[in-house]
Amino acid sequence: RADLERIGSPQQKALLWLANKDETGTDFEDPLFRQRYALVVLYYATSGQTSWLKAYFDVSKNQLTGTISSTIGNLEGLSHFNAGENQLTGSVPESIYNLRRLKMLDLGDNKITGTISENLRNLQFLELFNIRTNHFNGSMPEGVVLMPDLNNKLVGSIPSSFGKLTVLRRFFLDDNELTGTIPTELSDMLKLTIFTAENNNLIGSIPSELARLEMLDTLLLSGNNFEGSIPDELCARGRGPIDMLRIDSTVKCGCCSMP
């Protein structure tokens, strides 16, 4: 209590910020309010410095409920945020896109709703973005290129801008309602090791340009409406064929390792 009454203390600053600027309100009986308060106290206790945030901020698998607080946007030095496998609801606060240093954002296996914001393009260092098994909807913004792990009810085509991903290693688009073809620009994702887009409504043929992905060892595309055959280039890459390749029987495949 003495810390709360001391003018300028981190505890007092945190309480004032929550009372005056936090959009989620100040319900003192809410356990999530206490979590937000502790986080903001830590922020002010370090004079707004964020060097302490080099480690993961991991609150996964804690049965957390409620929404993600907009206060997360104050932690400008945060590089890893994992809130997966909880019971979080509501939409992703816009403030989270202020975290320009984020390398990992894991919100998978919750009950989060809404659309994917175009401001996601601000996260230029993002290597892992997981929102699988939530309730997102709408289309994928053309300008957003950092969505490797999507398993919701997204519609529209796969943006060619995904080809700008230079650090991404895993790209999951399973179980959406995507249409159109696989853009040839995906062949520019040279560090990609896994690409899966099963159970969508994709059409056309498999681009031979994907053979450029020398590190790709898993390609799963079943449950779509592809036609033609797997390009010979994919079966005769310099480092050998893809280890795990699955596609519908309507597509001819001379090197598929999985039925």
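## A walk through the model

Let's start with Glu85, which sits in the loop between E3 and E4. This is a predicted model, so keep that in mind throughout. Glu85 is partly exposed, with a relative accessible area of 43%, and its phi is near 55°, a positive value in a residue other than glycine. Most residues other than glycine have a negative phi.

Next comes Asn86, found in that loop between strand E3 (80–82) and strand E4 (87–88). Is Asn86 buried or exposed? Asn86 is buried, at a relative accessible area of 3%. Its side chain reaches the backbone oxygen of Gly84 at 3.2 Å. Leaving out residues up to four places away in sequence, Asn86 touches Val59, Ser60, Lys61, Asn62, Gln63, Leu64, Asp109 and Asn110.

One of those contacts, Asp109, belongs to the loop between strand E5 (104–106) and strand E6 (113–114). Asp109 has a positive phi of about 60° although it is not a glycine, and at 36% relative accessibility it counts as partly exposed.

Now for another loop residue: Asp174, between E10 and strand E11 (177–179). Asp174 counts as buried, at 8% relative accessibility. Polar atoms of the Asp174 side chain lie 3.3 Å from the backbone nitrogen of Ala197 and 2.7 Å from the backbone nitrogen of Glu198. The C-alpha atoms of Asp174 and Leu220 are 9.1 Å apart, while 46 residues separate the two along the chain.

Here are the side-chain-to-backbone distances, gathered in one place.

| Side chain | Backbone atom | Distance |
|---|---|---|
| Ser9 | nitrogen of Gln12 | 3.1 Å |
| Asn86 | oxygen of Gly84 | 3.2 Å |
| Asp174 | nitrogen of Ala197 | 3.3 Å |
| Asp174 | nitrogen of Glu198 | 2.7 Å |

On to the rings. How many aromatic pairs are there? The count comes to 1 aromatic pair. The rings of Phe171 and Phe195 have centres 5.4 Å apart and planes at 40°, so the pair is tilted. This pair links distant parts of the chain, with Phe171 in strand E10 (residues 170–172) and Phe195 in strand E12 (residues 194–196), 24 residues apart. Phe171 and Phe195 are buried.

These two also turn up in the largest nonpolar core, which has 53 residues. The members that touch the most other members are Phe81, Leu105, Leu107, Phe171, Phe195, Ile206 and Leu221. Not counting residues up to four places away in sequence, Phe195 touches Phe171, Leu173, Ile182, Leu186, Leu216, Thr218, Leu219, Leu220 and Leu221. Apart from that core lies another, of 5 residues, among them Ala14, Leu18, Val40 and Val41.

Ala14 and Leu18 also show up in helix H2 (residues 10–20), where Pro10, Gln12, Ala14, Trp17 and Leu18 are buried. Residues three or four places apart on an α-helix point the same way, because it has 3.6 residues a turn. Ser9 caps the N-terminal end of H2, through a side-chain oxygen 3.1 Å from the backbone nitrogen of Gln12.

Finally, how far does the predictor trust its own work? The mean pLDDT of the protein is 78, and 77% of its residues reach 70 or more. Confidence is lowest in helix H1 (residues 2–5), at a mean of 64, and highest in strand E13 (residues 203–204), at 95. Over residues 49–55 the pLDDT is below 50, and beyond near neighbours in sequence this stretch has 14 contacts in the model.

Notes. Residues numbered from 1 in each chain as written. Predicted model: local features only at pLDDT ≥ 70, side-chain atom pairs only at ≥ 80, totals over all residues. Heavy atoms only, no water. Buried < 20%, exposed > 50% of the residue type's maximum accessible area, 1.4 Å probe, protein only. Helix = DSSP H or I, 4+ residues; strand = E, 2+ residues; numbered from the N terminus. Polar contact = N/O pair within 3.5 Å; in protein donor to acceptor, adjacent residues only side chain to side chain. Phe/Tyr/Trp six-rings, centres within 6.5 Å; stacked < 30°, edge-to-face > 60°. Core = buried A, V, L, I, M, F, W, Y, C linked by side-chain atoms within 4.5 Å. Contact = heavy atoms within 4.5 Å. pLDDT = per-residue confidence, 0-100.
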